[in-house]
Amino acid sequence: TQRNLDDRGRAQARAMGERLRRAGLGDAAVYSSRWCRCLETARLLALGPVTPVPALDSFFGRRTEGPARTAALRAFLAEAGPAGPPLVLVTHQVNITAITGRGTRSGEGVVLHRGANGTLTEHATLPPPPV
């Protein structure tokens, strides 16, 4: 019942992975929603092993789950702390909006800086790769 990536989506994922490697994120820790579309995207980024994280699952259509899912995601990010490898999270628009306060387009990326106290500040936006 889940939407799968089409050929364009797969090409965008590969191109985004290349963009992230060129930016020095080749040794990132990659986490993904458990939804097949996100898992496929995360794997096609080719940045390393992908770890599914329930806090990254969508709550679209189940808005009442939003606050708990967002709290779990914030706790996950706080636990990861600012040290260690960069984190690449592959998730859904509702989760991104809950964390950043803004929407994203399909295929777009948001680069956040995580502070020592768990705060997140937006660093950059990565538009969808042209394919």
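## Surface

## Ground rules

This is a predicted model, where local features need pLDDT of at least 70 and side-chain atom pairs count only at pLDDT 80 or more, while totals for chains, interfaces and linings use all residues. Residues are numbered from 1 along each chain as its sequence is written, and side-chain values use heavy atoms, leaving out hydrogens and water.

## Overall build

Walk along the sequence and you get α-β-α-β-α-β-α-β-β, so helices are DSSP runs of H or I with at least four residues and strands are E runs of at least two, numbered from the N terminus. The radius of gyration of the protein is 14 Å, close to the 14 Å from the globule rule for 131 residues, so the protein is as compact as a globular protein of that length (C-alpha atoms; the rule is 2.2 Å times the number of residues to the power 0.38).

The C-alpha trace spans about 35 × 35 × 25 Å along its principal axes. Of the 131 residues, 37% are buried (under 20% relative accessible area, 1.4 Å probe, protein chains only).

## Strand β3

Strand β3 covers residues 87-90, and its side chains alternate.

Strand β1 (residues 29-32) runs parallel to β3, joined by four bridges (strands pair if DSSP finds at least two). Among the partners, Ala29 bridges to Leu87 in β3.

Notes:
Buried < 20%, exposed > 50% of the residue type's maximum accessible area, 1.4 Å probe, protein only.
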